[in-house]
Amino acid sequence: MAGTEVLGPPPGEVLVMGAGTIGCFIGGSLAAAGVPVTFVGRPRVLRSLAEHGLSLSDIEGGAHRLPPSSLRLSEQVPVGATPALVLLCVKSGATAEAAAELAFALPAGTTVVSFQNGISNCAAASQAGPTLSVLPGMVPYNVAEIGPGAFHRGTAGRLAAKDDAALRPWLPVFERAGIPLDLHADLLPVQWGKLLLNLNNPVNALSGLPLREELLQRGFRQCFAALIDEALGLLGRAGIAPAQVAAVPAQRLSSVLRLPDWLFRIVAARMLRIDAKARSSMADDLALGRRTEIDALSGEVVRLAREHDLEAPRNARMFVLLEDWPKQPRRWTPRQLQDALGL
C-alpha cells in the first residue's frame, strides 16, 4: 500500500457507492493518497467509520489509518455532488436501486465503474441509470473486515476495468494509492476469469473456514474444481476464453486443485499466498444473516447454460445450497459437500 500522496491534484472527486469491504478498501486507499472521497453506505458501517475511523492493511504489511474527522460519510448520494468518478461497490442485489439513485442525483454522463462480482451488474446498472456512463470493472483480491472500521486485503492482484478515456487520467492516481488499475479493450474474458475463481466463494462459505485453511483440504478443492469444470465447458460452447487472473491459467486450475494436499502445497504456492485473516465475503454474508451473491456467481453459470439450451447441475445445486442455508445453518464437511454436488 502506497504511503505517498498523489502528486498534483487528482482528476476530481470520487464517490464510493457501497461502503462495504471493497468500497472501504479502494476508497480508503484513494483517500489516504489525497483524493477527496465520499463514502455512501449502510448506517451500520457508517456509524463504525464515524466512531473508529478507517484502518487499512494488506498482505504485504502496508497500513494506513484515516481518523473519523477526515472521512466524508453519507447514507445517500449528497445533493449537488459532482464526482468525477463513482465506484459502484454495492452487492449485486442492490445494483439497480443504487444506479437509479446515482442517476437521479448526479449529472448525466457521470463515469461509474462497477467493481462488483459477476458479469451482469454493469448492464443492470446501465438499465437502471441510463444517464450514467457505466463501465465494467474487476476486483482481483479478497478484502475482509477484521474489526470496527478495519479492512484487510488478504491476497494480491491488480484492479481492472474496461478501457475508456475518462479512466486514463486516473491510472497514476490508483498506482500511487497502491491499488493499480489496468484497462482492457474487452473486459469480459477478465470478468469470467475472476468469476471462475469466485466459484470457491460458496465452497468457502459453507465450509465455515478461512480461505487458506479451506483450500488446503482436497475435498473442498475437488468441489471447487467441479464447479470450474462445468463453467469452462459452457464457456467453450459460448466461444469465451477466460483470461488468466490467478497464478495458474483457468484451463489448468481444476487439475491443480485436484492434486494431493502435499503436492498442491508445492505446485500452488503462489495461490496459497493468503494470510490467515482472509475469508470470502460470502462467508461474511452468511455469518451476518444477509442474502449472498450466489446469483452473481453460480447463477451466472446457470444462465449461460440456459442461453445455449444446456444445464449446469452442479452450479445450480450450489445455488440452492446457499439459498437454503439460513433454514438450517451448519458447517459442511468436504464429504458432505461432495455428496451434495454428486462427486
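You're looking at a predicted model, where local features need pLDDT of at least 70, side-chain atom pairs count only at pLDDT 80 or more, and totals for chains, interfaces and linings use all residues. Residues are numbered from 1 along each chain as its sequence is written, and side-chain values use heavy atoms, with hydrogens and water left out.

**Stop 1: the sheet**

Color the strands (DSSP runs of E, at least two residues; helices are runs of H or I, at least four residues; both are numbered from the N terminus). Eight of them make an open sheet with mixed pairing, in the order β5-β2-β1-β6-β7-β8-β11-β12. Two strands pair here if DSSP finds at least two bridges between them. Now pick β5 (72-74) and β12 (181-184): these are the edges, and each has a single partner strand, so one side of each has no neighbour in the sheet. From one strand to the next, the twist averages 25°.

Next, select β6 (residues 85-88) and β7 (residues 111-114), which run parallel and are joined by three bridges. Click Leu87 and look across to β7: its bridge partner is Val113.

Contact means heavy atoms within 4.5 Å.

**Stop 2: α3 and α4**

Select residues 95-105 for α3 and 121-128 for α4: their axes are 8 Å apart, at an angle of about 45°. That makes the two helices oblique to each other, a label for angles that are not under 35 degrees (roughly parallel), over 145 (roughly antiparallel) or 65 to 115 (roughly perpendicular).

Which residues of α3 meet α4? Show Thr95, Ala96, Ala99 and Ala100, which meet Asn121, Ala124, Ala125 and Ala128 in α4.

**Stop 3: α9 and α13**

Finally, select α9 (residues 218-238) and α13 (residues 298-307), which pack at about 40° with axes 10 Å apart. This pair is oblique too. Show Ala231, Leu234, Leu235 and Ala238 in α9, and you'll find them meeting Val301, Leu304 and Ala305 in α13.

Terms used
Axes fitted to C-alpha atoms, helices over the stretch in contact; angles between N-to-C directions.
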